[in-house]
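Me: Hi! I'm new to this one, could you walk me through it?
Reply: Happy to. Here it is.

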Amino acid sequence: MSNEPVTVGDKAPDFTLQASRGRTVSSADLAGKPYLLYFYPKADTPGCTTQACGIQEALPALGKLHLTVIGVSPDPVPKIDKFADKYGLEFPLASDPEHELADQYGTWVEKSMYGRTYFGMERSSFLIGADGCIKAIWRNVKPAEHVALVEKAAAEL
C-alpha cells in the first residue's frame, strides 16, 4: 500500500483486473490510449447507479474523445455482472475485492456513518493520458456532476 496518494503528473499504477461480462482489463492493454478509472463504493446503490448510468449515456461523446472508461469497485464479479446487465452498462466494471488498485490510488479510505468507522471505497475518478500519466483527479465526486467534469477534462487532452 502506498503511503502517498497519486497526484496529477504521476505515472498511473499498473493493473490487471477481472471485469464484467467475462472481460479482463489491464493498464498494459490501454497503453498509448487515454482512459478514465472511476472508483465507486458499491454496485446497484443509488449514487453508484446515477454515476454509472450517466457514464453509459455519455459513452458516444466520450468515444469521440477516444476515452475508454473503467469502473472499479470492491464488489465480486457476479454482483458487477448483475449490475451491468440490470442497467445495460457496456463499459467494463472491474472487481478489486482486495482493494489493491484502490490502495495504490488512495481511494480505499476510512469512512464514518452513524458514529461507526470502517474502510470503504471513496468515490473518485482519475483521467489518465495516452502517455500513461494522470492528467486529472476528482475525489469525493458527486455522481450527478461526474460526467460533465470528465468530458471537459478529456476534451483538453
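Me: So how much of the chain counts as buried?
Reply: This is a predicted model, and in it 45% of the 157 residues of the chain count as buried.

Me: And which elements does the chain have, going from the N terminus on?
Reply: There are 4 helices and 9 strands. Their order from the N terminus is β-β-β-α-β-α-β-α-β-β-β-β-α.

Me: Let's zoom in. Which residues of helix H2 are buried?
Reply: In H2, residues 77-87, the buried ones are Ile80, Phe83 and Ala84. Seen down the helix axis, they fall within an arc of 95°, so they line one face of H2.

Me: Why would residues spaced like that point the same way?
Reply: An α-helix has 3.6 residues a turn, so residues three or four places apart point the same way.

Me: What do the buried residues of H2 pack against?
Reply: They pack against helix H1 (46-64), strand E4 (68-73) and strand E5 (93-95).

Me: And what's on the other side of H2?
Reply: Pro78, Lys82, Asp85 and Lys86 are exposed there.

Me: What follows H2?
Reply: Gly88 does, with a positive phi near 65°.

Key. Residues numbered from 1 in each chain as written. Predicted model: local features only at pLDDT ≥ 70, side-chain atom pairs only at ≥ 80, totals over all residues. Heavy atoms only, no water. Helix = DSSP H or I, 4+ residues; strand = E, 2+ residues; numbered from the N terminus. Buried < 20%, exposed > 50% of the residue type's maximum accessible area, 1.4 Å probe, protein only. Arc of directions from axis to C-beta. Contact = heavy atoms within 4.5 Å.
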